[in-house]
Amino acid sequence: MPVAPNDVRPFAALDDVDRAILTELAADGRLPNNALAERVGVAPSTCLARTRALRESGAIRGFHAEVDPAAVGLPLQALVSVRLTAHERAAVDAFRARSVRLPGVVSVFHVAGAEDYVLHVRAASGDALRDFVLDHLAVDPAVQHTQTSLIFEQARGMG
């Protein structure tokens, strides 16, 4: 069940066990239920029910494999900052809806500051990255300005 970004979810109602489950799964999303239950100090059946409820509430957004981009032919990564020409809600929402569907886009961040969005993009080469910016962003009438920063290295944080 997708959750709109401005929906209010009852995360304040999460207790210590729920938070412990979330912490353990954030560290290792492949943790088997029995091991997860043992780590958080509850019965496996309780842990399974709690994990299911956390997924249904949107506290757990999903599970994924972290794949080396080079292994799928996309070794170049960049952060593309985008400044929009207009800031009415409809224009902002429309840009977000379009940008998440663009080829090579990993994540879209709506940010505060001089830029409006930062797109995390993967590409096969410098030429492909240039073509992405020119073909999808520079021609978009909603886009006033872009700035591309290449990612030399990415390290996953603990949080």
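Modeller: Let's start with a term: a nonpolar core is a set of buried Ala, Val, Leu, Ile, Met, Phe, Trp, Tyr and Cys residues joined through side-chain atoms within 4.5 Å. Buried means under 20% relative accessible area, exposed means over 50%, and partly exposed is in between (1.4 Å probe, protein chains only). This is a predicted model, where local features need pLDDT of at least 70 and side-chain atom pairs count only at pLDDT 80 or more, while totals for chains, interfaces and linings use all residues. Residues are numbered from 1 along each chain as its sequence is written, and side-chain values use heavy atoms, leaving out hydrogens and water.

Biologist: Which residues have the most contacts inside the largest nonpolar core?

Modeller: In soluble globular proteins, nonpolar side chains tend to be buried together. Here the largest core has 17 residues, and Val 82, Phe 95, Leu 119, Phe 132 and Leu 137 have the most contacts inside it. Strand E1, helix H4 (89-99), strand E3 (117-123) and helix H5 (126-138) each give two or more residues to this core; helices (H or I, at least four residues) and strands (E, at least two) are DSSP runs, numbered from the N terminus. Another core, of 11 residues, lies apart from it, with Ile 21 and Leu 31 among them.

Biologist: What does Ser 81 touch?

Modeller: Contact means heavy atoms within 4.5 Å. Ser 81 lies in strand E1 (residues 76-84), and counts as buried because its relative accessibility is 16%. Beyond its neighbours within four places in sequence, its contacts include Tyr 117, His 145 and Gln 147.

Biologist: How do I read a salt bridge, and how many does a search of the whole structure find?

Modeller: Side chains of opposite charge can pair when their charged atoms come close. A salt bridge needs a side-chain nitrogen of Lys or Arg within 4 Å of a carboxyl oxygen of Asp or Glu. The search finds 9. In one of them, Arg 83 and Glu 115 meet at 3.1 Å, N to O. Arg 83 lies in E1 and Glu 115 in the loop between strand E2 (105-110) and E3, so the pair ties together parts that are 32 residues apart in sequence. Glu 115 is buried, at 14%, whereas Arg 83 is partly exposed, at 26%.

Biologist: Where do Asp 127 and Arg 130 lie?

Modeller: Both are in helix H5, 3 residues apart, about one turn of the helix.
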